[in-house]
Structure formats: C-alpha cells, structure tokens
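Subject: Structure for your review

Dear colleague,

Please find below the structure that I am handing over to you. I would be grateful if you would read the notes under it with the model open.

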Amino acid sequence: MAGCSNSTGKAAKGQVSYQDHPKGNQQCSNCRFYRTAENGDATGTCTRVKGEIAPDAWCNVYSKG
C-alpha cells in the first residue's frame, strides 16, 4: 500500500484522510480491517492504519467487512 511505514506496514492517519466521524454508513466498526479491542475499550485497531481507531471513525482505506 502506498504511503505505508516501512517498520509497521501501516499508514499514518494523515495519509489515509482519517476522520473521527463516519462517512454516511461507512465507519471503522463495519470495515474489514477494523479490530475491536480485546479489553473492551471503546477504541480498537486497524490492520492498515497506525494507532488507536475509533469505531465510528472513517478513512479512505475503508472496505465493507
């Protein structure tokens, strides 16, 4: 994926137009790359984007899961 970090293979939020709100019906919690937190926290992670990911956020690597 273009723009990915060499060390993690994940893109920075700024590289994927990450926003803290959904885009219509598209949001991280229904994306194939989103992973819920195992400890029950409100934030999860993404297999494509670095850092904590809000379930109701969105970015341009969204892919319906």
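This is a predicted model: local features need pLDDT of at least 70, side-chain atom pairs count only at pLDDT 80 or more; totals for chains, interfaces and linings use all residues.

Residues are numbered from 1 along each chain as its sequence is written, and side-chain values use heavy atoms, with hydrogens and water left out.

Cavity. The count comes to one cavity of 30 Å³ or more. A cavity here is a set of points, on a 1 Å grid over the protein atoms alone, where a 1.4 Å probe fits but cannot get out; lining residues have an atom within 4 Å of a point. Grid points are joined across faces, edges and corners, and the volume is the space filled by probe spheres set on the points. The largest cavity holds about 90 Å³. Its lining includes Tyr18, Cys28, Tyr34, Val49 and Cys59. By class, that lining has twelve nonpolar, no polar and no charged residues, where Ala, Val, Leu, Ile, Met, Phe, Trp, Tyr, Cys and Pro count as nonpolar, Asp, Glu, Lys and Arg as charged, and the others, Gly among them, as polar.

Cysteines. A search of the whole structure finds zero disulfides, a disulfide being a pair of cysteine sulfur atoms within 2.5 Å. The closest cysteine sulfur to that of Cys28 belongs to Cys59 and is 5.9 Å away, which is too far for a bond. Cys28 counts as buried because its relative accessibility is 9%, and Cys59 is likewise buried, at 6%. Buried means under 20% relative accessible area, exposed over 50%, and partly exposed in between (1.4 Å probe, protein chains only).

Aromatic residues. Lys13 lies over the face of Tyr18, 4.6 Å from the ring centre; the rule asks for NZ of Lys or CZ of Arg within 6 Å of the ring centre and within 35 degrees of the ring normal. Tyr34 is placed in strand S1, residues 34-35, strands being DSSP runs (E, at least two residues) numbered from the N terminus. Tyr34 is buried, at 11% relative accessibility.

Pairs of positions. Tyr34 and Val49 are 15 residues apart in sequence and 9.2 Å apart in space, C-alpha to C-alpha. Lys10, in the segment before S1, is partly exposed at 25%. Between Lys10 and Arg48, 38 residues apart along the chain, the C-alpha separation is 4.8 Å.

Yours sincerely

Key: On a 1 Å grid over the protein atoms alone, a cavity is a set of points where a 1.4 Å probe fits but cannot get out, and a pocket is an open set with protein on both sides within 12 Å along at least five of seven lines; lining residues have an atom within 4 Å of a point. Helices (H or I, at least four residues) and strands (E, at least two) are DSSP runs, numbered from the N terminus.
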